[in-house]
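Here's a quick tour of one protein model, from overall layout down to a few single residues. Have the viewer open while you read.

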Amino acid sequence: MNARGGTVLTFGVAVALIAGVTLGNGGANVMPVFVDDFASRFAMSNSGAGLVAATQLLATAVVTLLLAKRAARPGRVRLTRLGLASAGVGFLAAAAAPDAATLILANLVLGAGLGAVYAAATAALAATDDADKASAVTISGTVAVTALLIMAVPAANHNVGEGTGFVLMALCCMAAWPLVLRLPDGPPASDGASDGVEGKGVAARPSVILLAGTALLWAVTQGAWSYASVLGRQHTAMSDSVVSAVLAVSSVVALVGAVVGPAAARRFGRMRSMAAFVTAQALAMAVLISTHEAVFFIAAAVVWQACQLAVLVQMLAAAALIDPTGRLVASLSGAGALGTGVGPLAVGAILDAAGAGVLSIFLALGTFLASLPLLSMTVAGEGASAERHSAPSPAADAG
């Protein structure tokens, strides 16, 4: 612990955070691979496979939101391990499911387990001594490990047998069991954290507007990402392999955004840098959806993904500074998971009804609208950061 009570971001702590956030959000990130498995194993239609996917994603989002308050208290390791156990059982049940009904039930169980992991792990980000660094390291590690999972899960399904990818995810839950031991814990209730932030009177409970803005932002982002490959092929005449390579490279290059985000916040101020990244993200997203030029598509994909990670890192860091108990971070993560679940459905409906040109306008406007409450939160985060740095340490008080 440092002088202000935050846990130092050691290697073990970073590994625990990365393991928890990666698995907690693993269902959403690996969902395209899961959907292929659903459809092939049970001869499901696109809507049927989408229903199974929605069951898991909504279960994760709802449980994350419901457990946000619990994740703000001590016992995060226990909560995370309970979620890992539930998710592991659900993954194994999904692998062995004999019919669609069992598959849906298994995804409900594993989705709920992942929600518990996600709530505890994201809340733990607020317990570190440097919220910006912890967020950047965790998001960067999560992106890297998720990329490995996206390659490993379909390889297991193809080389070993259908459903084996779920067994691999269950093994990952087992592997994470010892890793999450170093997860930073929540403050005791006696610290006054239940009513505010370190007794400062800042409410830990997020507003409905803030949660709605977060959900909308990630609905727009995930929805656009879900159709990026399709639009890239249709509009730019690039082949499937080239579009996939572009999106894969953009995801890796986007890690720069996780590093640049905190640096820009320190250099230009959290509010100003956040506004710049949101604006660039919205414009890049609009270009990617509407352009018919391969060069513009590639450039837009890289800029979009980098700005998205920069926004995510800054959002988590600001929430951690406002509420060191972690409840706000966990709540925003749950709202983001909810948006991730419904985004592809909404974007697909607009794309079918109005076309890519109208969709690009909707996505850009949606990004700006969703960012307003987040920008307001960023202002509060700047104030909390200034107050924290100006406050004397306990050692100074004792002297």
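What share of the contacts in the protein with a separation of 6 or more comes from residues 24 or more positions apart? The answer is 82%, where a contact means heavy atoms within 4.5 Å.

Some ground rules. This is a predicted model, where local features need pLDDT of at least 70 and side-chain atom pairs count only at pLDDT 80 or more, while totals for chains, interfaces and linings use all residues. Residues are numbered from 1 along each chain as its sequence is written, and side-chain values use heavy atoms, with hydrogens and water left out.

**Overall picture**

The protein has 17 helices and 0 strands; both are DSSP runs numbered from the N terminus (helices are H or I with at least four residues, strands are E with at least two). Of its 399 residues, 53% are buried, and the cut-offs here are under 20% relative accessible area for buried, over 50% for exposed and in between for partly exposed (1.4 Å probe, protein chains only). The accessible surface is about 16300 Å², with 69% of that belonging to carbon and sulfur atoms; areas come from the Shrake-Rupley method with a 1.4 Å probe, and for residues only the protein chains shown count as cover.

The largest nonpolar core holds 44 residues, and Met315 and Met377 have the most contacts inside it. Such a core is a set of buried Ala, Val, Leu, Ile, Met, Phe, Trp, Tyr and Cys residues joined through side-chain atoms within 4.5 Å. Helices that each supply at least two residues of this core include H1 (11-24), H8 (131-159) and H16 (356-390), but H14 gives the most, with 14 residues.

Val311 sits in helix H14. Val311 and Leu374 are 63 residues apart in sequence, yet their C-alpha atoms are 9.6 Å apart.

**Thr122**

Over in helix H7 (residues 100-124) you'll find Thr122. Its side chain reaches the backbone oxygen of Ala119 at 3.3 Å. Not counting residues up to four places away in sequence, Thr122 touches Val21, Val329, Ala330 and Ser333.

Val249, Val253, Val256, Val259 and Val260 make a nonpolar surface patch of about 390 Å². Helices H11 (240-253) and H12 (255-268) each supply at least two of its residues, and H12 has the largest share, 3 residues.

| Residue | Relative accessible area | Class |
|---|---|---|
| Thr122 | 2% | buried |
| Val311 | 0% | buried |
| Val249 | 48% | partly exposed |

Notes: Polar contact = N/O pair within 3.5 Å; in protein donor to acceptor, adjacent residues only side chain to side chain. Patch = residues over 30% accessible without salt bridge, like charges linked within 9 Å, V, L, I, M, F, W, Y side chains within 5 Å. Salt bridge = Lys/Arg side-chain N within 4 Å of Asp/Glu carboxyl O.
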